[in-house]
Amino acid sequence: MQYSLPHIINGNHFWLSPQRCIFWEEENAIIVCDMHIGKTGHFRKSGIPVSQRVYTGDLQRLLSCILFFKVNKLIIVGDLSHSSSNKELDLFQRWRHDFPSLKIHLIKGNHDILSEAWYKQSRITVHHYRFCIGDFCFCHDACLSEQKKGKYIFSGHIHPGVKIRGMAKQSLSFPCFYFTKTFCVLPAFSKFTGLALIKPVDGEAVFAIVENEIMKLK
């Protein structure tokens, strides 16, 4: 497991991992978003030859994070799945049953359209809009009402990325963690996703994921 960087919010320690997750020390929890399980299968069904190794690699990274940080809670900030059930979601269910003591909370995203029975069989606690613990709230897309209550928000949905410029006007884009004073947007956990480039302003913090390392840019 590569080196993680700490980021402190309201006295809580959040460790940013290059594996596209956050370890919340005080809650002994891992926070992820936009796993989009089933997306590669959906593409294959449409005749686009995307290897299933893309998804199994994502699942292996999640397993590695859970074992490394020794957590008892997984918070998924939306888009656990990509569309209707397929073999990749069946694989996730089998994986989930290997960790019966792991508590999983899902804050539903726009792609989470599976039946309530599927979530129940997978022993996933579903929150339809938000999930709050203490001073923090989790919702797939930034929930402004909770910001007004003084809660710090963790969200996903946009798959944030940042452009890094090099010599001779060269530039590359990388997924990132994006922190403002009132909310954080996590990078998509799945590597089979695009990026929405952000433009941070003064007072905001950006941590890019570059070649399995965390790089603080602001």
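Hi everyone, let's start with the cysteines: a search of the whole structure turns up 1 disulfide. Please keep in mind that this is a predicted model. The bonded pair is Cys132 and Cys137, with their sulfur atoms 1.7 Å apart. Their link is right-handed, with 80 degrees about the S-S bond.

Are these two partners buried or exposed? Cys132 is partly exposed, because its relative accessibility is 31%. Cys137 has a relative accessible area of 0%, so Cys137 is buried.

What about Cys33? Cys33 is in no disulfide, and the nearest cysteine sulfur, that of Cys184, is 8.5 Å away. A disulfide needs the two sulfur atoms within 2.5 Å, so that rules this pair out. Cys33 is buried, at 0% relative accessibility, and Cys184 is buried at 0% too.

Now let's move to strand 4, residues 29-32.

Next, the neighbours of strand 4. Strand 3, residues 21-24, runs antiparallel to strand 4, and 3 bridges join them. Across that pairing, Ile22 stands opposite Ile31. The hairpin of these two strands has 4 residues between them, and Asn28 there takes a positive phi near 50 degrees.

Strand 5, residues 73-76, pairs with strand 4 in the parallel sense, over 4 bridges. There, Val32 has Ile76 as its bridge partner.

Conventions. Residues numbered from 1 in each chain as written. Predicted model: local features only at pLDDT ≥ 70, side-chain atom pairs only at ≥ 80, totals over all residues. Heavy atoms only, no water. Buried < 20%, exposed > 50% of the residue type's maximum accessible area, 1.4 Å probe, protein only. Pairing = 2+ DSSP bridges.
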